[in-house]
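Keep the structure in view while reading.

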Amino acid sequence: MARAFTPKVITANDLLEGDVIYFTADDTWTRHMSEAELITDEAVAPLRLLEAEKQNIKIVGAYLADAKAGPNGPEPTHFREEFRRTGPSNYFHGKQEAQANV
Amino acid sequence: MYKYNEFDEAFLAERNAQFRAQVERRIDGSLTEEEFRPLRLMNGVYLQLHAYMLRVAIPYGTLNPDQMRALALLAEKWDRGYGHFTTRQNIQYNWPKLRDLPDMLDALGKVGLHAIQTSGNTIRNTTADHFAGAAAEEVTDPRPYAELIRQWSTDHPEFQFLGRKFKIAITGSNTDRAVIKAHDVGLQVVEQDGQIGFKVIVGGGLGRTPMIGKTLREFLPQADLLPYLESVLTVYNVLGRRDNKYKARIKITVSENGIDTYRAMTEEAFLTIRGQYDGTDQQLLEEIKAHFTAPEFRSGSTEAFDTAYENDPVFRAWADTNLDQHRAEGHAIATISIKAHGATPGDASAEQIRVMADLAEQYGYGELRISHQQNVILPHVHKSDLPAIHAKLKEHGLATANLGLISDIIACPGMDYCNLATARSIPVAQEIATRFDELKLEHDIGHLQIKISGCINACGHHHVGHIGILGLDRAGVENYQITLGGDASENAAIGTRTGPGFAYDEIVPAVERIVDTYLAVRESAEETFIETYRRVGMDPFKAALYPEAAKKVA
């Protein structure tokens, strides 16, 4: 039996900055995973990925990453995606720093 | 030290101009990422977890003060104020922006540095003994040969698309500080009947299939170096597998075909290739050698050193761990640890990099080395200058006295930065160092090398650590496997797995149990960890790591 579909977000890196970005429901990109579109329909996921890849001129390496619904929007389910949305653990650099400066 | 000539400068400027145009074409949409990716990789530009990463080669680990200052400039102007020295004598910048990368490469080019072939399936930066030219027991300085290899392999048309990456390491000493047996090709300078030549080792490597290299040639006359290397590579290029990335390294080629077949094929190719060399390479080698003449070592009293050693216990502790014997009288090799307890192994701030450059200029005959162990070395220092050097290092957090001790850990960037990583390695290294510093046991434990990799590719050399730690993803959580008995020296050995892995919060206590066991079973304080392990084997360590399993057997 095929494994049950788990919800996804589309994530990539920004071409110029190189930082982690997420695809939103209105076909734009955000720096915050909580603002990403959470895709719950298996049939829709590859179509949304194709839509995201249309913007390959300004993004790199879009892919579907496992996520789950949280109180403030999508959240990661795997530690790799947790690091990508937070930043490294040895310095307060990356997204964690950007968010602290908001 | 090698100084670029007009040809080198023009070549590099041309390459950088090409890359600048490639970046522009990617940004304006003329190049797709699929087209751009191999171009950026050829110039050392990766895209990692949080940002781009630029990997700059430090050929055979040697830098002059101006080059070192350029590394600081890059850190400050285009990155986050620090650089990360890697396990292959490179420096990596973790936060550059795409538009800035051409400027960074131009700044490097001005001081004769580049990022060419720090990625891709090419011949990578040739690494060397970090004590080259200074070690007391050295046959001869191996760096002119490394520079010759750099010039030969850079943009070599036949070797731009090998089956897989190809790493060469060279040493001029019997004491192997360059891990030559864990490289695709390892070269050891040897002397036979008054002639200088090389022992050629092939097919070593770590990664998912760790192997210790085998001897391909006991003695290769120095004049045959390039034609012979070219033969080794030509055979690999044809015989090596391209059907499976994981079986593409030369270690697999040698192991599947046998060392005798590989040798026979290499020797056959060599018959043809040697004839194509007309002696130009030897002329070039002579020119290169002139750049590597040893400095005029000064003489003078070492009283200042002796006085400080007698009276200053902090200086004495540092001198005992961080100095090595130099070939010139009154001199020492000083290793600067960039492994302060709790800090990221291999990271140095722009300020620290400048301080080290200044020290090299003022006291160190203008030379610096970067070791694969992620430390910085002043290879030539007169002993009378050491108290002043130590005082300056102390002011900048660079005087940690831990060389070869448990906190002198090699660690790859792991999942804090690397796209390939399956777990973190930096925080594990930080916590082990902090823990043993708290216990004040470090000097009592003595020589012990811990090496940590955050994935099976083994950039952290875990297989050859006395204690090796490999971070994996087990069902969505970080899990760490331990190996014991690895050895990165001339007695190279691959470590043996202890058993099941440990969770992130269990790994430091597990290392502590291993060390406690060693302290309990060693015959004397002089018996090092690796000696004890070789004497008693795995069992006592296993019993300490897995008490439940031991109970079941009983």
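In this predicted model, strand S16 (residues 410-411) of chain B pairs with strand S17 (residues 450-453) of chain B in the parallel sense. S17(B) also pairs with strand S18 (residues 467-474) of chain B, again in the parallel sense. Strands of a sheet are joined through backbone hydrogen bonds, and the pairing is either parallel or antiparallel. Another parallel pair in chain B is formed by strand S7 (residues 168-171) and strand S8 (residues 185-192). The table lists these pairs.

| Strand pair (chain B) | Sense | Bridges |
|---|---|---|
| S16 and S17 | parallel | two |
| S17 and S18 | parallel | four |
| S7 and S8 | parallel | four |

Individual residues show how the strands line up. B:Ile410 stands opposite B:Lys451 in S17(B), and B:Ile450 stands opposite B:Ile467 in S18(B). In a regular strand, side chains alternate between the two faces of the sheet. In S17(B), B:Ile450 and B:Ile452 point one way, while B:Lys451 and B:Ser453 point the other way. These four residues are all buried.

S7(B) and S8(B) belong to an open sheet of five strands in chain B, with the order S6-S7-S8-S9-S10 and mixed pairing. Strand S6 (127-128) and strand S10 (214-221) of chain B are its edge strands, each pairing on one side only.

The next topic is the helices. Helix H1 (residues 6-27) of chain B has 22 residues and reaches 32 Å from its first C-alpha to its last, close to the 32 Å expected at 1.5 Å a residue. Which residues of H1(B) are buried? They are B:Leu12, B:Asn16, B:Phe19, B:Val23 and B:Arg26. Seen down the helix axis, the buried residues of H1(B) fall within an arc of 80°, so they line one face of the helix. Helix H2 (33-42) and helix H4 (101-110) of chain B are included in what covers them. The face of H1(B) turned away from the buried side carries the exposed residues B:Glu6, B:Phe7, B:Ala10 and B:Glu14. Just after H1(B), B:Gly29 takes a positive phi of about 90°.

Helix H6 (residues 225-239) of chain B has 15 residues, which should span 21 Å at 1.5 Å a residue; its end C-alpha atoms are 21 Å apart, which agrees. Its buried residues include B:Leu225, B:Glu230, B:Ser231 and B:Tyr236. B:Pro227 also lies in helix H6 of chain B. Why is B:Pro227 partly exposed? It has 19 other C-beta atoms within 10 Å, and a residue counts as buried at 20 or more. Apart from neighbours within four places in sequence, B:Pro227 is in contact with B:Phe270, B:Ile273, B:Arg274 and B:Tyr277.

Finally, the whole chain. Chain B contains 19 helices and 21 strands. Its radius of gyration is 23 Å, close to the 24 Å that the globule rule gives for 554 residues, so chain B is as compact as a globular protein of that length. Buried residues make up 53% of the chain.

Chain B also touches chain A: 23 residues of chain B are in contact with 21 residues of chain A. Helix H14 (residues 426-439) of chain B gives the largest share of the side of chain B that touches chain A, three residues. The residues on that side of chain B divide into ten nonpolar, six polar and seven charged.

Notes
Residues are numbered from 1 along each chain as its sequence is written. Chains are lettered from A and ligands numbered from 1 in the order in which they are written. This is a predicted model: local features need pLDDT of at least 70, side-chain atom pairs count only at pLDDT 80 or more; totals for chains, interfaces and linings use all residues. The radius of gyration is taken over C-alpha atoms; the globule rule is 2.2 Å times the number of residues to the power 0.38. A residue is buried if 20 or more other C-beta atoms lie within 10 Å of its own, exposed if 12 or fewer, and partly exposed in between; C-beta atoms are placed from the backbone. Two residues are in contact if their C-beta atoms, placed from the backbone, lie within 7 Å. Ala, Val, Leu, Ile, Met, Phe, Trp, Tyr, Cys and Pro count as nonpolar, Asp, Glu, Lys and Arg as charged, and the others, Gly among them, as polar. Two strands pair if DSSP finds at least two bridges between them. The expected span of a helix is 1.5 Å times one less than its number of residues. The arc is that of the directions from the helix axis to the C-beta atoms.
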